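Student: I have a model open and I'd like to learn how to read it. Can we go through a few features together?

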Amino acid sequence: MTSWLAGPLVAVLGLSAVSAAESEAPERDYQVPLPEAPAGEATFTPPAERDIPDNQYGEMVRKGRDLFVNTQQLRGENVFNDQNCSNCHLDAGRLADSAPMWASMGVYPAYRGKNDKVNTMAERIQGCFTYSMNGVPPEYGSETLVALQTYFHWMATGAPINQSLPGRGYPGLEETGEAPDRGRGAEVYADQCAVCHGDNGQGQKVGERQVFPPLWGDGAYNWGAGMHRVNTAANFIKANMPLGKPYSLTDQQAWDVAAFINSHERPQDPRRRTLASVDETDEIFHQHMGFYGDEIDGQRLGDHDDYGENPR
Ligand code: HEC
Ligand code: HEC
């Protein structure tokens, strides 16, 4: 019953109409963000790239794919770090357990706890620009957003709508009963990660091209990004790193190395710009598994005005 009707109706029918309607209404559940994907092997296969159609739709699919794997072409406009979308969504967004885009397309619009509202796919993409790319999100209706969505839509050809498919997101790791340990994580990092990501997490370039992404510092994801959460990084790492050796780390190693990486400095959380202090940002946005606002080796993480290259 819409509210403009309720008033006159109540007046005509008497007060009992309201309480009867209320008691019949199903209880409103407190909505949790998107459920985790069901466990098990992915069963959906996205279409092969050679089957991208040769028409205007296909051109937009190709444009979206090109933006997804070489997002650096938007550097200085929408991207202000060294990342490409495919750094965290592997194999051009096709790989199961690496937050693949074919599994993502059908679950939006969806409620997100992060901003406490229903998000369209366009808004979800904008979120990864703001935080993971330390960037300025492309505007609604911009060709960039249209192209990325068209690419995801094509990859999801034949996938069910509004259903979390196996392989979606990063698979959740159980807690081990032992807290993640940065010290042990540093050893895992030196042994198995530094060869590609660098001793100081700076990644590696060949000429101007970033071949291995930085994991901390100005070129990395910022303090608002999902990947800065220790659990999210542990999930990603277990299923995807070291590159080419998925699921080779023990659960404890994945937790430890995630804690090590995410206890290093990175660009400020952009939401800090409109808040009074690091304390306030910490209290409102960082009540989860992460090091923002914590003191590590005598330094308080996130206590700075370094937004990387982002000018806003
Ligand atoms: C630094 C890592 C990183 C980069 C770079 C990145 N993302 Fe993400 N993205 C994430 C994480 C983390 C999630 C949340 C996955 C989870 O929690 O399961 C996510 C989720 C998403 C989702 C929702 C997936 C779902 O199934 O709900 C979309 C869509 C998305 N990213 C698009 C993009 C696009 C487009 C780009 C490039 C502009 C991008 N991402 C760059 C880390 C990244
Ligand atoms: C053989 C090289 C190699 C090794 C070894 C390696 N990585 Fe990676 N890593 C990559 C590449 C390449 C990407 C980006 C994937 C892509 O673009 O296809 C990546 C992406 C990542 C990301 C995504 C975050 C971002 O900001 O882009 C994280 C986190 C990560 N690696 C952590 C680790 C950890 C932890 C280890 C060690 C256990 C490790 N990696 C070992 C090559 C490597």
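Tutor: We'll look at a helix, a helix pair and a ligand shell. This is a predicted model, where local features need pLDDT of at least 70 and side-chain atom pairs count only at pLDDT 80 or more, while totals for chains, interfaces and linings use all residues. Residues are numbered from 1 along each chain as its sequence is written, with chains lettered from A and ligands numbered from 1 in the order in which they are written.

Student: Is α7 mostly enclosed or open, and why?

Tutor: A residue is buried if 20 or more other C-beta atoms, placed from the backbone, lie within 10 Å of its own. In α7, 10 of the 13 residues are buried, so the helix is largely enclosed by the rest of the structure. Among them are L145, F152 and W154.

Student: At what angle do α8 and α11 pack?

Tutor: Axes are lines fitted to C-alpha atoms over the stretch in contact, and angles run from 0 to 180 degrees between N-to-C directions. Here the angle is about 95°, with the axes 7 Å apart. Angles of 65 to 115 degrees count as roughly perpendicular, so α8 and α11 are roughly perpendicular to each other.

Student: Which residues are closest to ligand 1?

Tutor: A residue is near a molecule if its C-beta atom, placed from the backbone, lies within 6 Å of it. Ligand 1 is surrounded by 26 residues, and C85, C88, C128, G169 and G226 are the closest. The largest share of that shell, 4 residues, comes from α6.

Technical notes:
Helices (H or I, at least four residues) and strands (E, at least two) are DSSP runs, numbered from the N terminus. Angles under 35 degrees count as roughly parallel, over 145 as roughly antiparallel, 65 to 115 as roughly perpendicular and the rest as oblique. A residue is buried if 20 or more other C-beta atoms lie within 10 Å of its own, exposed if 12 or fewer, and partly exposed in between; C-beta atoms are placed from the backbone.
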